[in-house]
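Subject: Structure handover

Hello,

Here is the structure I promised to pass on. Please open it next to this email and follow along.

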Amino acid sequence: MTKQMLFGDLINKVIGGGWGEESYFEGSVPVSVIRGADFPAVRFGSFDSVPARWESRNKVEKRLLEPGDII
């Protein structure tokens with residue numbers, strides 16, 4: 001038997017958006033921004049449509065995905 005749970009009970013951290021910048025700025029690193037529209041392709045390993053952006057290293061370190069994360 002499968003145990004049912006509320007989705008909210010599975011979440012321990014929520015990270016809001018942010019799109020980064022189109023161009024390099026001092027202290028920034030390149031990142032890929034996975035949008036909802038990209039989910040179908042990313043699901044199958046295609047990141048071709050995912051935008052490349054620039055974000056501060058500090059913000060990136062706080063938002064890195066880890067195994068088991070739900071996006």
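Below is what was found in it, part by part. Keep in mind that this is a predicted model.

**The largest pocket**

Start with the open space. The largest pocket holds about 1,100 Å³. Its lining is made of 31 residues. Look for Ile15, Arg63, Leu65, Ile70 and Ile71, which lie nearest the centre of the pocket.

Which helices and strands supply at least two residues each to this lining? They are α1 (7-10), β1 (28-32) and α3 (57-63). Helix α3 gives the largest share, with 4 residues.

Is Arg63 buried, partly exposed or exposed? Its relative accessibility is 33%, which falls between the 20% and 50% cut-offs, so Arg63 counts as partly exposed.

Leaving out residues up to four places away in sequence, Arg63 touches Ile15, Gly16 and Gly17.

**One aromatic pair**

Now turn to the rings. The count of aromatic pairs comes to 1. The partners are Tyr24 and Trp54, with ring centres 5.3 Å apart. Their planes stand at 90°, so the pair is edge-to-face. The cut-off for that label is an angle over 60 degrees.

Where do the two partners lie? Tyr24 is in the loop between α1 and β1, and Trp54 is in strand β2 (residues 52-56). The pair therefore ties together parts that are 30 residues apart in sequence.

The two partners fall into separate accessibility classes. Tyr24 has 54% relative accessibility and counts as exposed. Trp54 has 24% and counts as partly exposed.

**Gly27 and Ser28**

Stay with the loop between α1 and β1, where Gly27 also lies. Gly27 is partly exposed, at 42% relative accessible area. With neighbours within four places in sequence set aside, Gly27 is in contact with Glu55, Ser56 and Arg57. Gly27 and Asp9 are 18 residues apart in sequence and 37 Å apart in space.

Ser28 lies in strand β1. Its relative accessible area is 6%, so Ser28 is buried. What lies 2.6 Å from a polar atom of the Ser28 side chain? It is the backbone oxygen of Phe25. Ser28 also touches Trp54, Glu55 and Ser56, again not counting residues up to four places away in sequence. That list includes Trp54, the partner of Tyr24 in the aromatic pair.

**Asp38**

Last stop: Asp38. This residue is in the loop between β1 and α2 (39-43). At 1% relative accessibility, Asp38 counts as buried. Buried means under 20%. Beyond four places in sequence, Asp38 touches Val33, Ser49, Val50 and Pro51.

Arg63 and Asp38 are 25 residues apart along the chain, and their C-alpha atoms are separated by 18 Å.

Best wishes

Definitions and conventions
Residues numbered from 1 in each chain as written. Predicted model: local features only at pLDDT ≥ 70, side-chain atom pairs only at ≥ 80, totals over all residues. Heavy atoms only, no water. 1 Å grid on protein atoms, 1.4 Å probe; cavity = no way out; pocket = protein on both sides within 12 Å on 5 of 7 lines; lining within 4 Å. Points joined across faces, edges and corners; volume = space filled by probe spheres on them. Phe/Tyr/Trp six-rings, centres within 6.5 Å; stacked < 30°, edge-to-face > 60°. Buried < 20%, exposed > 50% of the residue type's maximum accessible area, 1.4 Å probe, protein only. Polar contact = N/O pair within 3.5 Å; in protein donor to acceptor, adjacent residues only side chain to side chain. Contact = heavy atoms within 4.5 Å.
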